[in-house]
Amino acid sequence: FQLPADLTKMHLTDNPHPQVTHVPSSQSGCSIASDSGSSSLSDIYQATESEMGDVDLTGLPEAPVDSEDEEEEEDEDIDRTSDPLLGRDVVRECLEKEPADKTDDDIEQLLEFMHQLPAFANMTMSVRRELCSVMIFEVVEQAGAIILEDGQELDSWYVILNGTVEISYPDGKTESLCMGNSFGITPSLDKQYMNGVVRTKVDDCQFVCIAQQDYWRILNHVEKNTHKVEEEGEIVMVKEHRELDRSGTRKGHIVIKATPERLIMHLIEEHSIVDPTYIEDFLLTYRTFLTSPLEVGNKLLEWFTVDSLRDKVTRVVLLWVNNHFNDFEGDPAMTRFLEEFEKNLEDTKMKGHLRLLNIACAAKAKWRQITLQKPSRDSPLFFSLLGGSDKGFGIFVETVEMGSKAAEAGLKRGDQV
């Protein structure tokens with residue numbers, strides 16, 4: 001999500017020769033896993049539907065629940081991908097097919113392999129998919145073979161899949177490129193010529209090549225479909241227009257890059273039909289570009305004071321608590337944020353949302369044992385309780401005195417005894 005510090009890197013091909021980075025050939029894929037307790041709020045909505053009154057809960061999407069069959073399929077997928085050599089054989093079979101013969105499954109296999117290579121790092125998924133559909137596989141078996149002569153007219157963009165090549169420039173400097181690096185044309189229809197000699201350094205060098213016309217067409221199409229948001233002369237967000245079906249009814253912009261501040265702000269903005277899970281995606285990935293969850297929490301508390309934003313802010317907090325409760329349970333500062341947010345719900349008489357929040361907290365909280373020692377029977381407890389059989393619900397901690405022995409022992413407001 002996060003924009004690089006150097007905004008010029010946002011242009012997909014400003015640097016056709018990225019920094020040489022070696023990617024081990026054993027890496028055949030990667031995966032992102034969410035918290036094991038992640039789920040939708042639909043069960044909570046149903047439990048409180050009769051008590052919610054006029055609370056509007058539309059727009060909060062459901063997350064799929066894993067079934068036993070799906071778990072078995074995942075195990076099979078792991079078995080299939082655990083052997084990197086097997087994975088590479090499948091990829092090579094797909095690569096050796098002519099572009100016209102590639103099936104959708106072939107393109108997905110190539111996409112899974114290509115997305116980890118540096119040459120494709122700054123490209124969107126749709127761009128990579130189109131490039132995978134037109135790429136051609138080439139192998140140079142011997143070391144020392146010249147691939148491109150100095151001054152030769154270029155007609156393709158090359159990405160190295162195996163081996164190493166060396167570029168010898170006219171001024172005597174040399175550059176080594178290895179797996180995942182690229183060389184060749186830039187996305188333009190102008191005539192371009194090679195500066196230097198490109199030769200293989202090892203046997204069995206493998207490449208994918210994309211013709212100049214295809215490379216220009218795909219990247220130029222992306223530029224036309226990209227909307228850049230500027231503030232004070234700087235680009236703070238990049239959106240891409242996408243269509244999810246041929247009818248044209250499901251189309252809109254999806255956020256592909258933004259500054260951390262702009263990503264947080266987008267939580268309460270309208271999300272297009274092609275980007276319905278933005279909030280969930282943000283809550284899953286914010287740890288990679290923010291130093292503290294309080295950066296989000298403080299903004300949410302600030303926006304809660306605005307009447308028109310209150311409902312949107314509450315939805316974000318409900319999803320956050322329901323899907324990532326560890327962010328609150330293991331962080332005293334975030335626990336205080338949650339307590340303050342609950343108080344705000346009470347003050348604004350949003351009882352339905354408050355009940356949803358309490359149920360989500362109760363469902364996600366872990367059992368723990370706390371020992372609180374008193375010097376004498378008459379010593380104060382430093383906390384108060386609420387509920388009981390006469391109230392018709394369980395016993396809960398209502399307040400805990402800050403800095404007290406009870407607080408030090410880990411007792412928190414909302415704990416059920």
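Buried here means under 20% relative accessible area, exposed means over 50%, and partly exposed lies in between, with a 1.4 Å probe and protein chains only.

Apart from its neighbours within four places in sequence, leucine 95 is in contact (heavy atoms within 4.5 Å) with Lys102, Leu110, Met114, Met135, Phe137, Leu161 and Val208.

## Two residues with positive phi

Most residues other than glycine have a negative phi. Aspartate 204, with a phi near 55°, is found in the loop between β7 (197-200) and β8 (205-211), and its relative accessibility of 34% makes it partly exposed.

Lysine 349 also has a positive phi, of about 55°; this residue is found in the loop between α12 (332-347) and α13 (351-364), and at 66% relative accessibility it counts as exposed.

## The chain as a whole

The protein chain has 14 helices and 13 strands, which are DSSP runs numbered from the N terminus (helices H or I, at least four residues; strands E, at least two). Of its 417 residues, 40% count as buried.

## Basis of the values

Residues are numbered from 1 along each chain as its sequence is written, and side-chain values use heavy atoms, leaving out hydrogens and water. In this predicted model, local features need pLDDT of at least 70 and side-chain atom pairs count only at pLDDT 80 or more, whereas totals for chains, interfaces and linings use all residues.
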